[in-house]
Amino acid sequence: MRQEALRDFLFNRHKVYNGVLQAYDVPPGGRASVVRALKSGTLTTVEHRIANAHVANRRLPVAERCATFDGQAHASRLVELQPQASLRRAATRAAASIEAHLNALLPAQYRVHSFCAYFAPTDGVDLRFLLCPDLRIARLDGALVDGGRVPTLALCGDDRPSTPRCLLYTSPSPRDGLL
């Protein structure tokens with residue numbers, strides 16, 4: 001959103017206070033790009049998807065222009081990251097940092113069992129954290145169940161795939177710069 005559009009939104013337009021105002025930056029290369037890091041124990045799996053449509057293509061709905069992991073298979077492509085790729089290393093470091101931070105906040109008898117985190121690549125090799133739709137915590141001093149598996153507690157996930165969804169919204173204003 002441009003500065004004048006933000007000013008108009010904040011001071012002139014009728015608002016219903018039921019959401020979060022977010023900044024939107026045009027992604028590098030002009031296509032939506034998301035990195036997903038799946039961490040479980042010492043294993044971190046990193047995947048990168050890039051939307052096929054350019055975000056400025058106004059012939060397509062916003063949900064299709066921005067679809068990556070959440071869209072249909074034909075709407076984006078999986079980009080293979082080599083083991084030494086800087087984006088893979090950045091996502092692995094970010095996932096390890098998130099895990100260390102969460103473990104430091106948890107009581108001593110708990111630890112992070114697994115989680116899924118999504119990041120947006122910025123210019124260069126930096127990543128911006130987007131969301132963590134699935135986080136599982138294991139109790140270390142609990143009795144082993146289910147054939148020796150550590151019982152886990154799902155804090156913000158369920159048994160469905162850990163994938164964010166594009167939200168459709170109604171009637172954006174041309175003043176917002178998205179149309």
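**Salt bridges and a nonpolar surface patch**

Glu99 and Lys39 are both buried in this predicted model, and their side chains form a salt bridge in which the closest N and O atoms are 3.3 Å apart. Glu99 lies in helix α3 (residues 86–105) and Lys39 in strand β1, so the pair ties together parts of the chain that are 60 residues apart in sequence.

The structure holds 3 salt bridges. One of them joins Arg36 to Glu47, with a distance of 2.6 Å between the closest N and O atoms. This pair links distant parts of the chain, Arg36 being in strand β1 (residues 31–40) and Glu47 in strand β2 (residues 43–54), 11 residues apart. Arg36 counts as buried because its relative accessible area of 15% falls under the 20% cut-off, whereas Glu47, at 21% relative accessibility, counts as partly exposed.

A salt bridge is also formed between the side chains of Asp134 and Arg136, at 3.5 Å from N to O. Asp134 is buried, with a relative accessible area of 9%, and Arg136, at 15% relative accessibility, is likewise counted as buried.

On the surface, Leu6, Leu10 and Phe11 form a nonpolar patch, which together presents about 290 Å² of accessible area. Leu10, one of the residues of this patch, is found in helix α1 (residues 3–11). With a relative accessible area of 38%, Leu10 is classed as partly exposed, since this class covers values between the 20% limit for buried residues and the 50% limit for exposed ones.

Technical notes: Residues numbered from 1 in each chain as written. Predicted model: local features only at pLDDT ≥ 70, side-chain atom pairs only at ≥ 80, totals over all residues. Heavy atoms only, no water. Patch = residues over 30% accessible without salt bridge, like charges linked within 9 Å, V, L, I, M, F, W, Y side chains within 5 Å. Areas by Shrake-Rupley, 256 points an atom, 1.4 Å probe, with all protein chains shown as cover. Salt bridge = Lys/Arg side-chain N within 4 Å of Asp/Glu carboxyl O. Helix = DSSP H or I, 4+ residues; strand = E, 2+ residues; numbered from the N terminus. Buried < 20%, exposed > 50% of the residue type's maximum accessible area, 1.4 Å probe, protein only.
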